[in-house]
Amino acid sequence: MGGHVTGAVTALASELPEWVTLLRAPNPGVMTLDGTNTWLLRAPGAAYGVLVDPGPADEGHLAAIAALGPIGLVLITHGHPDHTEGSPRLHELLDGVPVRAVDPAYSIAAPPLTGDEPAGGGLTGDEPAGVELGGDGCGLSIRLVPTPGHTADSICLLVEREGRQVVLTGDTILGRGTTVVAHPDGHLGDYLASLELLSTYRGIPALPGHGPALADCGAAAEFYLAHRRARLDQVRAALDEGAQTAAEVVAKVYADVDRSLWWAAEWSVRAQLEYLGRDTGADGVGLDTP
């Protein structure tokens, strides 16, 4: 369980609701897998759609999104550039569509998301007339699920129509492999609590920020929890064996991971050390004992 995971952690979703459309950005890589997943949500016959994560500032990708309009709102799962870089240009292409994120830095023409309101709440009047999320506008119920950990501003979205649900997980749960805790912004304690919450969504498909859709969000979250706990045990063992820096912990715990990814593994190790009450060694010094 503590080894490097590269495949899907649960069965893949065999089908998605008709009101879900995937547009994958052309930015494949070791951190983005096949590319950033941009999700369009719109019930049949609805006036407007809701877009989740515009992705990179790729003109072709953004034009493909705009071609599927009208879109009444853009939502951001977290502020990393592979999810948000295209937001300003998409805002222009969609005639000033509001963009909402937890972090005000990534919200455009709309207030930030607070986690205690419907996703369409508190709109500013700049959006097209008649947009009413969770009502007649997009024909869907969209509920924010705050899930900090990967980053401090990470959220998921629970979407429902006529008894059918999906969870958009951003980078909190990926379609393949496991995600990093992006220390110091990300926090492992928060991440474990978020996974505990997501583990309650059994049998609901997960639509991740990267990789294929998974059949069971709850099962994926439970796997992630077990994996994280196993990694923590490995970090404790590495410290007991004399590891003195975050890099030395990475070399012991992530020896089965390609060295080109060790820089990302070090993010997670620093988060693990902080969680364990140890000095993260951010300045390159040795790790203090508890």
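**Notes on a predicted model**

1. Ala-109 is partly exposed, at a relative accessible area of 30%; buried means under 20%, exposed over 50% and partly exposed in between, with a 1.4 Å probe and protein chains only. The residue is not a glycine, yet its phi is positive, at about 60 degrees. Ala-109 sits in the loop between β5 and β6 (141-146), where strands (E, at least two residues) and helices (H or I, at least four) are DSSP runs numbered from the N terminus.

2. This is a predicted model, in which local features need pLDDT of at least 70 and side-chain atom pairs count only at pLDDT 80 or more, while totals for chains, interfaces and linings use all residues. Residues are numbered from 1 along each chain as its sequence is written, and side-chain values use heavy atoms, with hydrogens and water left out.

3. Glu-162 also has a positive phi, of about 50 degrees, although it is not a glycine. Its place is the loop between β7 (155-161) and β8. With a relative accessibility of 70%, Glu-162 counts as exposed. For background, most residues other than glycine have a negative phi, and most peptide bonds are trans.

4. Two cis peptide bonds deserve a look. One joins Gly-69 and Pro-70, with omega about 5 degrees; Pro-70 belongs to the loop between α1 and β4. Another runs from His-183 to Pro-184, with omega near 10 degrees, and Pro-184 is in the loop between β8 (164-170) and α4 (188-198).

5. Five strands form an open sheet in the order β1-β2-β3-β4-β5, with mixed pairing; two strands pair if DSSP finds at least two bridges between them. β1 (20-24) and β5 (99-100) are at the edges with a single partner strand each, so one side of each has no neighbour in the sheet. β4 (residues 71-75) pairs with β5 in the parallel sense over two bridges, and Val-74 stands opposite Val-99 in β5.

6. Helix α1 (residues 59-66) lies across β1, β2 (37-41), β3 (49-52) and β4 and runs at about 165 degrees to β1. Axes are lines fitted to C-alpha atoms, for helices over the stretch in contact, and angles run from 0 to 180 degrees between N-to-C directions.

7. Leaving aside residues up to four places away in sequence, His-83 touches several residues, including Asp-53, His-78, Asp-171 and His-210; contact means heavy atoms within 4.5 Å. The side chains of His-83 and Asp-82 are joined by a polar contact of 3.4 Å. Such a contact is a pair of N or O atoms within 3.5 Å; within protein, one must be able to donate a hydrogen and the other to accept it, and residues adjacent in sequence count only if both atoms are side-chain atoms.

8. Rings of Phe, Tyr and Trp (its six-membered ring) pair if their centres lie within 6.5 Å; planes under 30 degrees apart count as stacked, over 60 as edge-to-face and the rest as tilted. The count by this rule is one aromatic pair. Trp-263 and Trp-267 form it, edge-to-face, at 5.4 Å centre to centre with 85 degrees between the planes. Both lie in helix α7 (residues 262-275), four residues apart, about one turn of the helix. Trp-263 is partly exposed at 44%, as is Trp-267 at 29%.
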